[in-house]
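Dear colleague,

Please find the structure below. My notes on the domain interface follow it.

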Amino acid sequence: MPLLDVQDLQTHFRIRQGIVRAVDGVSFSLEEGESLGLVGESGCGKTTAALSLLRLLPTNGRIAAGRILYQGQDVLQLSPEELLRFRWKEISIIFQGAMNALNPVRRVGSQIVEAIRLHASISQPEARRRATALLEKVELEGRRIDDYPHEFSGGQRQRVMIAMALACQPRIVIGDEPTTALDVMVQAQIFELVERLRRELGMAMILITHDLSVLGDTCDRAAIMYAGQIVEIGPIARIFFHPCHPYTRMLLRSFPRLAGTREMVGSIPGTPPNMIEVPTGCRFHPRCPDALALCQEQEPTWREQGLRHTVACHLARTETSDA
Ligand code: SF4
């Protein structure tokens, strides 16, 4: 049994203009200790898919259908009390902007201690000792436990967020573009840190990113998302060297490479669709250079391309199978 098994997840938002189908039939699984990258352009639904796993949606959002099985138990059936115990302890998240996620008027130590004590019946001094050790684990000085968020640099705040995410030793940690606001050198340090801790603590990870360059070093597999759906999923090497979906290929070409042949960096023509009225058939057909007449009418089904490598495209060569 996989650690996490997401089946046909559908998450919708109600806005004035109608219903936004931000996540529309997403399925994937995650094994113990595995890291999976969720990749795609802004607005493709990757963050919404990840937040749905924790049922952390804004008030206008709802999970309309699907199942999220964590060790066989459906997260969507958890009571509010069970959900409180589940978050941070089983799955935790490192948010994009640490300044938004940390309470600016509370010392970082008290925020970490609170997260620890919510899930473990230990004394305040013991929780404080653990919080200090966590700060040291993320390479911050333990004495800074009584500092406020604004006393840290952007990279250090992100380290505090990582410490918080690890506070309850979760089995899965979600990284939601964890280095977006940081400069390139600090980004590299943060990714190195996350990867080292992940391996040390044996955690599985879901890394949300629009930056393909971080995937190779960090993830075992990647799921490529377009317009609320996964269009291709497979081991990193397969995705990088044998991409099967035209969108994956264009996404790869849109990133500069330091190694290999010299090629012009390409862009993907057009814009992602309006998620209130998505195109018929394959959602990528208005932008796809390989589109057939069939693509406008018929939604492609999943086709296996190799071990744990599947794609949803009419041009893919093998027989239809379950995702
Ligand atoms: Fe392009 Fe058709 Fe494949 Fe969609 S199904 S990606 S439109 S070839």
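A polar contact here is a pair of N or O atoms within 3.5 Å; within protein, one must be able to donate a hydrogen and the other to accept it, and residues adjacent in sequence count only if both atoms are side-chain atoms. Between domain 1 and domain 2, six residue pairs are in polar contact, both residues being at pLDDT 80 or more.

This is a predicted model, in which local features need pLDDT of at least 70 and side-chain atom pairs count only at pLDDT 80 or more, while totals for chains, interfaces and linings use all residues. Residues are numbered from 1 along each chain as its sequence is written, and side-chain values use heavy atoms, with hydrogens and water left out.

The domain assignment (bounds from an automatic or database assignment) puts 31-56 + 79-90 + 174-322 in domain 1 and 97-169 in domain 2. Their centres, taken over C-alpha atoms, are 30 Å apart. Domain 1 brings 17 residues to the contact and domain 2 brings 14 (heavy atoms within 4.5 Å).

About 1,400 Å² is buried between the two domains, 70% of it from carbon and sulfur atoms (accessible area, 1.4 Å probe, that two parts lose on being put together, summed over both). On the domain 1 side, Trp 88, Lys 89 and Leu 193 lose the most area to domain 2, together 39% of what that side buries.

The rule finds two salt bridges across the interface (a side-chain nitrogen of Lys or Arg within 4 Å of a carboxyl oxygen of Asp or Glu). Arg 196 and Glu 139 form a salt bridge at 2.8 Å, N to O.

Regards
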